[in-house]
Structure formats: C-alpha cells, structure tokens
Amino acid sequence: MPLVCSRGKISWTSPSNIALVKYWGKKGIQVPANPSLSMTLNRSVTALQLEYEEMPESNGIRLDFYFEGEKNLLFEEKIRKYLEGLPDTWSWLRRLHLVVRSSNTFPHSAGIASSASSMSALALCLMSLRQEAFGLKQEETAFYREASDLARQASGSAARSVFGGFTIWGALQDIPGTDDRFAIPLPGEVHPTFRNLKDAILLVSSAKKSVSSRAGHELMNGHPFAESRYRMASRNVAGLLTAITEGDTDTFIRITEQEALTLHGLMMSSHEPFLLLHPNSIILMEKIRQFRQDTGHPVCFTIDAGPNIHLLYPENISAPVREWINAELNLYLENGRWIDDGMGSGPEKLNE
Ligand code: PMV
C-alpha cells in the first residue's frame with residue numbers, strides 16, 4: 001500500500017505505572033503467567049517524538065535513537081530489534097528512516113524503571129504513524145487495545161501504561177474483556193475513596209539492580225511456588241477490583257501489601273535466590289505500618305522489583321503525609337529524595 005504522507009513528526013507522552021497485583025513470570029513474548037492490576041502514574045512520564053521520512057525499502061529498520069538529547073546506541077539497538085521482530089503487518093516500517101527522541105520527567109539515576117513509560121509512548125507513536133502515513137481512521141477502543149498489545153511486545157508492564165487510572169492486564173475467567181495480549185481500563189466505577197490516589201515514591205537507592213526483571217521472570221519457570229502464586233494473583237486481581245469499586249480500604253491495603261511482599265518473597269525463594277530490598281526499604285515498610293496504626297490514616301506500601309518504596313495514600317491526607325515524610329522518613333532516603341506522584345489520566349498525543 002502506498003504511503004499518503006511521506007514524512008512527519010509524531011509525539012506522545014506516556015506515564016509509568018505501578019503494579020498493585022504484580023506480573024511476575026511469563027511465557028513467550030511477554031504473555032503473562034498471571035493477570036496484574038496497576039495504577040497509572042501522573043508525573044513519571046516519558047515524552048517521545050518519532051520523526052519519519054520515506055526512503056527506498058531496505059532489509060532492516062533504519063533508526064536513530066536519542067535519549068535526553070544524546071545518541072544512545074544501546075537503546076537504539078534494543079528498539080531496532082523490537083521493530084524488526086514485529087509481525088509482518090508492520091514490515092512497511094522498512095520503507096522509512098525513523099528518528100526517535102525520548103526523555104523522561106523522572107531522574108534517570110533514581111532506580112525508577114522507564115520501560116513502561118517509554119515503550120508505551122513508542123507504541124502509541126507507531127499507531128499514530130500508521131494512521132498518518134496511510135490516512136487511516138481507527139475507532140478509539142481498537143486503537144488503544146492495539147497500542148497496548150504493541151507496547152506489551154516491547155515490555156510487559158508497558159501494556160498497562162496505555163490507559164489512565166487503574167488497569168488490568170491478563171486473562172481472567174470471571175472478568176469479561178480481560179486478555180493476555182492487551183490491558184483494559186478497570187471495568188466498573190472506581191469508588192471515590194480511590195480516585196486521585198497519591199503515590200510518594202520514596203527513593204531508597206539508585207544502585208543498579210543485581211538481577212534484571214527479565215532474569216527474575218525467568219526464575220519463575222520451575223519456581224517451587226509458581227502454580228500457587230499464579231492462582232493467588234488471579235484471586236488478588238478479583239479481590240482488589242471488588243475493593244476498588246466498593247471503597248473497601250482494609251481489603252485494598254491487605255492485598256496491596258501482600259502482593260508487594262510476595263513479589264520479593266518469590267525472588268528470595270527462587271532456585272537462584274536473590275534480594276533486591278535495602279535495609280532502609282524494610283525500615284520504611286515498618287514505619288508506614290506504624291503510622292497507619294498510630295494515626296488511623298489509610299496509608300500503605302507497594303514495591304516494584306527494586307528497593308524503592310511506593311507509599312500510597314488518599315489525596316485528602318496529603319498535608320499530614322508530606323509533613324511526616326519530610327520529618328521522619330527523609331533520613332532513610334537517598335539524598336532525601338522522593339517523587340510526589342499519584343494517579344494519572346494516561347498518555348497524551350502532542351500537537352507538532
Ligand atoms: O515489564 P517488566 O518485564 O519490566 O516486568 C515488570 C515486573 C514488575 O514491575 C516487578 C511487576 C509489574 O507488574 O510491573
């Protein structure tokens with residue numbers, strides 16, 4: 001099919017997300033071993049610009065990749081491989097020269113994973129590029145589903161960043177519309193208690209992780225607890241969905257913290273056990289539980305595959321929580337740093 005537009009620029013911003021029920025274990029190209037449920041963030045965002053120009057067809061993908069204004073060969077190679085591995089329906093990309101410019105709002109050295117935000121931004125740019133280059137129109141739901149599917153093939157958790165609010169990714173028998181290939185926005189109404197949930201990302205250490213999440217997923221193959229873990233995750237997605245729609249804070253906190261600790265428990269009990277927590281991660285978790293007990297404020301924690309702690313709390317207690325972080329938790333943070341984030345409404349297309 002001939003291109004109707006032979007050159008142009010497309011830009012999207014796309015946020016990171018934090019899983020409350022964790023995706024840990026996969027088959028093939030990011031087919032999740034269990035469903036997951038996440039919250040899309042607001043401030044931790046990648047801005048990505050894709051510039052394209054038609055050229056004579058080549059055997060491979062012609063790509064230049066700039067990260068924060070500088071050519072980055074490592075990311076370039078990773079993205080070239082991803083693009084070359086896409087299904088044949090995307091082979092027309094070999095008729096273009098692509099220049100990608102990517103930057104993050106969150107500090108590069110903070111130990112915050114950027115693959116969810118960057119790969120979802122890239123997937124959305126590819127979807128817009130196809131529309132623009134071929135003059136296609138696509139219905140919105142189909143557009144975002146396909147973007148989520150494309151993002152998944154680059155990085156599993158990126159599938160969930162395509163939507164704002166709470167998101168579910170992975171097939172669940174009892175929840176219609178769920179799918180292993182793409183994420184969907186949480187079915188049902190979010191109870192007011194959980195709208196505008198805040199996430200203070202407490203930065204404990206920016207040291208490079210000793211084990212990558214790719215290796216961690218692999219260690220779930222043959223993990224002694226794998227099967228019961230996958231069943232537990234399905235139950236927890238269903239339980240959290242009910243808690244979020246009914247406004248059940250106790251269940252929300254119980255499942256969220258159980259999931260965080262289970263993720264790290266799985267790492268510690270794998271065939272090659274490993275530990276990503278820092279002593280300060282443990283102190284912070286204990287302090288969060290203590291604060292909840294002492295004040296009655298519904299604060300809780302979740303953790304990604306790293307030492308940083310995500311402190312979740314409702315927006316209406318922002319003032320006392322901020323005061324407490326700065327007075328008491330600061331001491332346990334690397335250079336006193338934390339990111340004042342919260343629930344976001346999802347990616348945005350920028351006008352060039
Ligand atoms: O998307 P990946 O391959 O980086 O894996 C993400 C794994 C966790 O962040 C630990 C959990 C999750 O569901 O995001």
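**Cysteines and a helix pair**

Visitor: Does Cys125 count as buried or exposed?

Guide: Cys125 counts as buried because its relative accessibility is 0% (buried is under 20% relative accessible area, exposed over 50%, partly exposed in between; 1.4 Å probe, protein chains only). The model is predicted: local features need pLDDT of at least 70 and side-chain atom pairs pLDDT 80 or more, while totals for chains, interfaces and linings use all residues. Residues are numbered from 1 along each chain as its sequence is written, and side-chain values use heavy atoms, without hydrogens and water.

Visitor: What describes two packed helices?

Guide: The angle between their axes and the distance between the axes. Here helix 1 (residues 73-84) and helix 2 (residues 115-134) have axes that come within 13 Å and cross at roughly 45° (axes are fitted to C-alpha atoms over the stretch in contact, with angles from 0 to 180 degrees between N-to-C directions).

Visitor: Which residues make the contact?

Guide: Ile79, Tyr82 and Leu83 of helix 1 meet Met119, Leu122 and Leu126 of helix 2, contact meaning heavy atoms within 4.5 Å. By class, this contact has six nonpolar residues, no polar and no charged ones.

Note on methods: Helices (H or I, at least four residues) and strands (E, at least two) are DSSP runs, numbered from the N terminus. Ala, Val, Leu, Ile, Met, Phe, Trp, Tyr, Cys and Pro count as nonpolar, Asp, Glu, Lys and Arg as charged, and the others, Gly among them, as polar.
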